[in-house]
Amino acid sequence: MNSSYLNFKEKHILVVGDVMLDRYWHGGTSRISPEAPVQVVKVSGVEDRAGGAANVALGLAKLGVKVTLIGIVGKDENANALKSCLINENVQCRFYHSDALPTITKLRVISRHQQLIRVDFEEDFASFDHRSEIESLVNETIADCDAVIFSDYAKGTLSGIQPLIQLANQHSVPSFVDPKGKDFSIYQGATLVKPNLSEFETIVGHCEDTKALISRGESLRKQFDWKALLVTRGEDGLMLFEDSKPPFSLATAAREVFDVTGAGDTVIAVLASIFVTSKRLTDAVEYANQAAGYVIGKLGTATISSEQLEAIMFARSRTTNFGVLSASELLEQIKLAQLNDEKVVFTNGCFDILHPGHVTYMKQAKALGDRLIVAVNTDASVKRLKGEKRPINNLEHRMAVLEGIGAIDWVTWFDEDTPKAIIEALSPDVLVKGGDYSIDTIVGAEHVLSSGGEVKVLTFVDGYSTTKIIEKANL
């Protein structure tokens, strides 16, 4: 976690897109209407929030970013209500006020923290030509910005988005697009485009597996000359396709999903903010993922502050998905590691009394890849292999000691006499064994080799032996 990434002082991000007012009526329900079989809500409170592109701008402001918002509103009371929500949070609003169009408003009726109904007030923008006004506002602002976010909700504000992307490119301002619709060619040349899985598959077709997702994602990115493509996949996490780099995948950070409203707005806001300070998309994606996991645990269009995000990232840095894991838990981490082009190394043993020879062996094994798994025989397995007096140290103690070796990423266990089953389940990239073995005698070698992996034999350091240590101690 790099706290300097959250230093947004002097950073300025422009947001252009479909702005809307989210209005909430809160009240209790205790009876059914005599007029129709519906609940009667006694409204006790009214709440206005910024929605759509306006929620993206609000999210940026909450992070401490200087933000300018361009969009279309009507000449009505709802436009004033929306503007008030934004100005109070230091968002600079540069709205085009339409004589013919109302401010897009979504009214939600809420009782006992549950949404009962949503009522939308909006007109189709398509019949009104406002492109020149929006382009003029962007042209006046973009040279002073560190990034621009185009938040497209298919309401019509961005029907002329291609000239706006070209303006951003002319000023060397990175552009981040939250897309909508069936034609992604309108986003040609953007820095990054962020569809969700449904939007992505609308363009490329259903992806039956990860392999298809990766192939079609990279093809789509190249087709429209994007520097990067980020596909958000709900409970399956996020996948980033970046020019000249392997795909980067993250598991979802969500723990409890309460309301997904505005989660995409949070992702694009945090993504752009972190990128303008870090210049690293992978880091920006990690921060955005954690922020999204936070806001979907809140009711309605929630935001996150830089202090909250810093606290989440600090806590995450202290509790990573490493250490002792079951085989099923470990399988998920291996998949993510391999998706991120990391080579996974596997070795196994009893490791009853750990000595310097073991430590040297672990370091040599880790040097063969990026992540090292050590699988340990259970106590019952050791007894069958070594006799009733073994192990000296029980499984919990042996794994705890191994976990403390810096070269080891993951420790797991198996109860069989050989690691054949766990090797076949985990399918590591490199299988390592120490001692006087030939490759054809190593358990699991055939599976690893047939899967395209490698098998290596390392020599233990002379002078160290668990058996000799036990004999010397008269155990």
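Buried here means under 20% relative accessible area, exposed means over 50%, and partly exposed is in between, with a 1.4 Å probe and protein chains only. Leucine 6 sits in the segment before β1 (12-17).

What does leucine 6 touch, leaving aside its neighbours within four places in sequence? Its contacts are Ile274, Tyr287, Ser306, Leu309 and Glu310. Contact means heavy atoms within 4.5 Å. Now take valine 276, which is 270 residues from leucine 6 along the chain. Their C-alpha atoms are separated by 9.9 Å.

A word on the model. It is predicted, so local features need pLDDT of at least 70 and side-chain atom pairs count only at pLDDT 80 or more, while totals for chains, interfaces and linings use all residues. Residues are numbered from 1 along each chain as its sequence is written, and side-chain values use heavy atoms, with hydrogens and water left out.

pLDDT is the predictor's confidence in each residue, from 0 to 100. The chain has a mean pLDDT of 87, and 89% of its residues reach 70 or more. Over residues 254-260, though, the pLDDT is below 50. That stretch has 16 contacts in the model beyond near neighbours in sequence.

Now the whole chain. It has 475 residues, and 50% count as buried. There are 16 helices and 19 strands. Take the contacts between residues at least 6 apart in sequence: 69% of them join residues at least 24 apart.

Next, helix α2, residues 77-87. Which of its residues are buried? They are Asn78, Ala79, Ala81, Leu82, Cys85 and Leu86. These residues cover an arc of only 160° around the axis, so they lie on the same side of α2. The arc is that of the directions from the helix axis to the C-beta atoms. Here is the general rule: an α-helix has 3.6 residues a turn, so residues three or four places apart point the same way. And what do the buried residues of α2 pack against? The partners are β2 (19-32), β3 (39-52), α1 (53-63), β4 (66-74), β5 (91-98) and β6 (105-111).

Stay with β4. Isoleucine 70 is in that strand. It is buried, with a relative accessible area of 0%. Not counting residues up to four places away in sequence, isoleucine 70 touches Leu14, Val15, Val16, Gly17, Arg94, Ile134, Leu137, Val138 and Thr141. Threonine 141 is 71 residues from isoleucine 70 along the chain, and their C-alpha atoms are separated by 9.5 Å.

Glutamate 242 is in β12 (residues 238-242). Is glutamate 242 buried or exposed? It is buried, with a relative accessible area of 13%. Leaving aside neighbours within four places in sequence, glutamate 242 contacts Arg221, Lys227, Ala228, Leu281 and Thr282. Leucine 250 is in β13 (residues 248-250). Leucine 250 is buried too, with a relative accessible area of 12%.

Now the loops. Asparagine 90 lies between α2 and β5. Its phi is near 65°, a positive value in a residue other than glycine. Asparagine 90 is exposed, with a relative accessible area of 67%. Arginine 112 is in the loop between β6 and β7 (114-121). Arginine 112 also has a positive phi, about 55°, although it is not a glycine. It is exposed, at a relative accessible area of 65%. Further along, proline 391 lies in the loop between α12 (379-386) and α13 (395-403). A cis peptide bond joins arginine 390 to proline 391, with omega about 5°.

Terms used: Helices (H or I, at least four residues) and strands (E, at least two) are DSSP runs, numbered from the N terminus.
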